[in-house]
Amino acid sequence: MSGVKITETILRDAHQSLIATRMKTEEMLPILEKLDQVGYYSLEVWGGATFDSCLRFLKEDPWERLRVLRKNFKNTKLQMLLRGQNLLGYKHYSDDVVEEFVKKSIGNGIDIIRIFDALNDTRNLRTAVETTKKSGGHAQTAISYTVSPVHNIDYYVNLAIEMENMGADSICIKDMSGILLPYVAEKLIKQIKEEILIPVQVHSHFTSGIANQTYMKSIEAGADIIDTAISPFGMGTSQPATEPMVASLKNSPYDPGLDMDLLLEISEYFKDIKEKYINDGVLDPKVLEVNVKTLKYQVPGGMLSNLVSQLKAQGALDRFEDVLEEVPRVREDLGYPPLVTPMSQMVGTQSVFNVVLGERYKMIPKEVKNYVKGLYGKPTVPIKDHIKKIIIGNEKVFTGRPADLLEPELDALKENIKEYIEQDEDVLSYALFPQVALDYFKYREAKKYKIDTNLLNEEFKTYPI
Ligand code: CO
């Protein structure tokens, strides 16, 4: 037995979860050499919200960050998170954009791409998986883990088999809400390992306080890799902390064999960074607490705080419990989607509308209608006819792969921004976040000619950098 492997999330999920993805490349640079020497299986460094945050808030080129990281990591694999056909955005992109994005991600230094779909509709993973493999990368497909009457062990085992058959190099059980219970994980991983040959990685969040135990049972059941975050940015809504997990496995067959002295030095470094973000008010100590509501309602922590702010905006915070009880009903109506972006937003907003307006489905967001029309993929179970009727009337439901409806769009995108293009990758930044990328390109230009960027447009000043 060669021990369990560790993916360190400090440069992506850890700071995305605790400080809204605000860590700057310059804050990462001084510690990269040490991170590279620890013996991690991989470093998760890119994807998720890092791309958007770089362009929007930090005024950094995300592609340049990736190249800098690649240059500094000489021994360790670099990993990213990709939302299938949605890439890092919130809609479906045409296949030519997905292919180009994946190629450039690998071309600029990514080794492993973790690809997931909010609905676990594998048709939304296919283009990204195939392109990753063609470009020489490792395609890891992720199962979005959720709890519902239809999400049982058999469902997940079948999904894992389907993913292996479609060419995945490994699979990840992605528990974004931190609700995967230890003994469920044990059973789940044992059964998956009986059916597939490729490695299994477990990704959880400490949100509800159970993820350490879940990792231990997962490891004992045969999980090959787990995701942890160096302790100053571990726990809370982030991953279980790296050092205690490594220490717990010492002198066991699962010993990851990481350099503990180096881990402690890295920990010291990030303690100072954390201190700074606490003092700035960017790190809200609340996100470090155990959130028992997540255990009770099985909704992710981020969704809970979104619901609070939506209700506050409506002056209806006293309806919070009612909304939490409406969430499972809306979820059932919509065929039990996992509560991850963009489904968590849709279910949350619909639940708020249903409660605050005093009548269910009196108002329906456009996204919910499009979802029911089949434009995001296939619901876990078919949506009942009477619900369909309420939401989209007699409109037809599309049952094909959503991206098949999209024409190639790369050439038109290039044409739109030709005056700003400095590198091939710019068109991808623009495809994902058109307005934000344009603002960034203008900023980049202004900086080059040393124009005072405060004189540009109002929008820059409002960015909470
Ligand atoms: Co995560």
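1. The model is a predicted one, in which local features need pLDDT of at least 70 and side-chain atom pairs count only at pLDDT 80 or more, while totals for chains, interfaces and linings use all residues. Residues are numbered from 1 along each chain as its sequence is written, and side-chain values use heavy atoms, with hydrogens and water left out.

2. Helices (H or I, at least four residues) and strands (E, at least two) are DSSP runs, numbered from the N terminus. A residue is called buried under 20% relative accessible area, exposed over 50%, and partly exposed in between (1.4 Å probe, protein chains only). Val292 is exposed because its relative accessible area is 56%.

3. Strand pairing deserves attention next; two strands pair if DSSP finds at least two bridges between them. Strand S1 (residues 5-8) runs parallel to strand S8 (residues 225-228) and is joined to S8 by four bridges. Within this pair, Ile6 stands opposite Ile226. S1 also runs parallel to strand S2 (residues 42-47), with two bridges between them, and here Glu8 stands opposite Leu43.

4. How far apart are the end C-alpha atoms of helix H9 (residues 182-195)? They are 20 Å apart, which agrees with the 20 Å that its 14 residues should span at 1.5 Å a residue; the expected span is 1.5 Å times one less than the number of residues. Buried in H9 are Pro182, Ala185, Glu186, Leu188, Ile189 and Ile192. The buried residues of H9 pack against helix H8 (153-165), strand S6 (170-175), strand S7 (200-204) and helix H10 (211-220), contact being defined as heavy atoms within 4.5 Å.

5. A salt bridge is a side-chain nitrogen of Lys or Arg within 4 Å of a carboxyl oxygen of Asp or Glu. By this rule the count comes to 31 salt bridges. One of them links Glu60 and Arg65 (3.3 Å, N to O), and both of these residues are buried.

6. Glu326 and Arg329 also form a salt bridge, with their closest N and O atoms 2.9 Å apart. The two are separated by about one helical turn because they are three residues apart in helix H15 (residues 320-333). Glu326 is buried, at 3% relative accessibility, whereas Arg329 is partly exposed at 43%.

7. In the salt bridge of Glu415 with Lys418, the closest N and O atoms are 2.5 Å apart. Glu415 is partly exposed, with a relative accessible area of 48%, and Lys418 is exposed at 55%. Elsewhere, salt bridges that share partners join Glu186, Lys190, Lys217 and Glu220 into one network.

8. Leu81 is found in strand S3 (residues 77-82). Is Leu81 buried or exposed? Leu81 counts as buried because its relative accessibility is 6%. Leu81 and Ile113 are 32 residues apart in sequence, yet their C-alpha atoms are 6.0 Å apart in space. Leaving aside neighbours within four places in sequence, the contacts of Leu81 include Arg12, Glu44, Trp46, Phe116 and Lys174.
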